[in-house]
Amino acid sequence: MADETTGQVSESGAEAERTVIRPNVVHVLLVALAVGVFAVAWLAIYSRGDALIWNNPFVTANRWVIPLGVIFFSLLVGLAQKFLHAPNVVNGGIDEALKAEDVATYRTFWGTLASSLLSLWSGASVGPEGPLGFLAVQISQWIAMRMKFSKQGALLASIVGMSSAYNGVVGNPVFATLLATEASGAKNGMLLVGPSLVGGTVGFLIFALLGVPPFANFLNVGTVTDLSLVLVVWALVLGFLGALMAVYAALAFRTLGRVMAVFKDRVIERALVAGIIIGAVCYFIPNLMFSGETQIHGIIANPAAIGLPMLLLMALVKPLLLALSLKSGYLGGPIFPALFSAIMVGLAISLLMPGVPLAVMVMCPAVGVITLLLRAPLTAILLVSVMVGAGATPAMIGLITVAAATSLGVGMVVQRAQARRAGQAQGAQLQGA
């Protein structure tokens, strides 16, 4: 530890360096077990609370309760930010909601815990994966502090904790390992594989042995067993549309970020304004409440009852609500709201083209949007394949991969165009100077 004025290592700092330890297999198992058990308990509290608040007979019989409930919980979210210093992704990009290690510390755990549940109960368009990542990292960091891990050891503990939580929720023992490897950009990615795989396996086993329902088999919409050129073309088109939905969500995130920036540090007012808007929209379209995780099933069962115009409207409004929610300080994840939008697009097209298998219409735009959202195509392919469950035949996985590759290509084109515009703007500034 270097002294700020002299630059010399203090005696206490030297002593601290001597007591720093490197995490071993036992430490990895401890972190994974602690986070896995916590994740199960947190999900149980979240789901039970959601059912108690929103699925009781009084609320279901009185739609006017929706905006009041949304505004009430939004106020509590603002209070948690102001007085409990709950973290948020107001100043980050859309993928920051899944990068908790960059913005969270264990010292804000109670604020994070309160904000996570209040945000999810508020009806805002946020998913549970984001706050679960924040909480997993904070618990891991606290254990690392108590065990006196080095800085690198604390980072490793965070990866282990997130792997335990995410693999348990997703229902796949390698999901988080693949995500960590891709997200690292091949920098030290292989160093994370072992600890992430061990921690993720522990989390997966905890959820499986306790019988906690995972995301696996979440979208049981049939499958495809035989490939054809027509289906490949559809995979290309739907992957392209999924990519466009991701770009649209990113633009909404950037635009609403500028709009909500006018509140500056007035976090309570910001959350209340967002709650009023979300409550008003959800009063007229209740299917847009929450992440869309539960609403998707009912819509898929009978999309014709919703109708083509409403499906497209929900696909366009959901990313706006996601952006408004995250930019207003709600703590949540973007995956399920993004999936909701992509699936609405696929269902709308399926009404026009009923001859195309529903699995293709649902899964191909879904993997397209997740590919750009996570910036990790292999992880997106795995995640969507896990959601298909038993329907993940070689033919279906092939079509999903075609859609993901198409989306990745669109992302590369957009990225190059942005870089070119940035270069032109920089050149113009230099000429003006």
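The following is a conversation about selected features of a predicted model.

Colleague: Which residues form the nonpolar patch on the surface?
Modeller: The patch consists of Phe58, Trp64, Leu68, Tyr283 and Phe284. Together these residues have about 590 Å² of accessible area.

Colleague: Where is Trp64 placed?
Modeller: Trp64 sits in the loop between α3 (57-61) and α4 (65-84).

Colleague: And why does Trp64 count as partly exposed?
Modeller: Its relative accessibility is 45%, and partly exposed covers the range between the 20% limit for buried and the 50% limit for exposed.

Colleague: Turning to helix packing, what describes two packed helices?
Modeller: The angle between their axes and the distance between the axes describe them.

Colleague: What are those values for α10 and α16?
Modeller: Helix α10 (residues 229-260) packs with helix α16 (residues 358-374) at an angle of about 45 degrees, and the axes are 7 Å apart. The two helices are therefore oblique to each other.

Colleague: Is that crossing left-handed or right-handed?
Modeller: The crossing of α10 and α16 is right-handed.

Colleague: What about α11 and α14?
Modeller: The axes of helix α11 (residues 267-284) and helix α14 (residues 308-327) cross at roughly 160 degrees and come within 9 Å.

Colleague: On to backbone angles. What is the phi of His85?
Modeller: His85 has a positive phi of about 55 degrees, although His85 is not a glycine. For context, most residues other than glycine have a negative phi.

Colleague: Where is His85, then?
Modeller: His85 is in the loop between α4 and α5 (109-121). With a relative accessible area of 55%, His85 is exposed.

Colleague: And Lys148, what is its phi?
Modeller: Lys148 also is a residue other than glycine with a positive phi, near 60 degrees. Lys148 lies in the loop between α6 (129-146) and α7, and counts as partly exposed at 48% relative accessibility.

Colleague: How many residues separate Asn172 and Leu383 in sequence?
Modeller: Asn172 and Leu383 are 211 residues apart in sequence, while their C-alpha atoms are 8.6 Å apart in space.

How values were computed
Residues numbered from 1 in each chain as written. Predicted model: local features only at pLDDT ≥ 70, side-chain atom pairs only at ≥ 80, totals over all residues. Heavy atoms only, no water. Patch = residues over 30% accessible without salt bridge, like charges linked within 9 Å, V, L, I, M, F, W, Y side chains within 5 Å. Areas by Shrake-Rupley, 256 points an atom, 1.4 Å probe, with all protein chains shown as cover. Salt bridge = Lys/Arg side-chain N within 4 Å of Asp/Glu carboxyl O. Helix = DSSP H or I, 4+ residues; strand = E, 2+ residues; numbered from the N terminus. Buried < 20%, exposed > 50% of the residue type's maximum accessible area, 1.4 Å probe, protein only. Axes fitted to C-alpha atoms, helices over the stretch in contact; angles between N-to-C directions. Parallel < 35°, antiparallel > 145°, perpendicular 65-115°, else oblique. Left-handed = near helix turned anticlockwise from the far one by under 90°.
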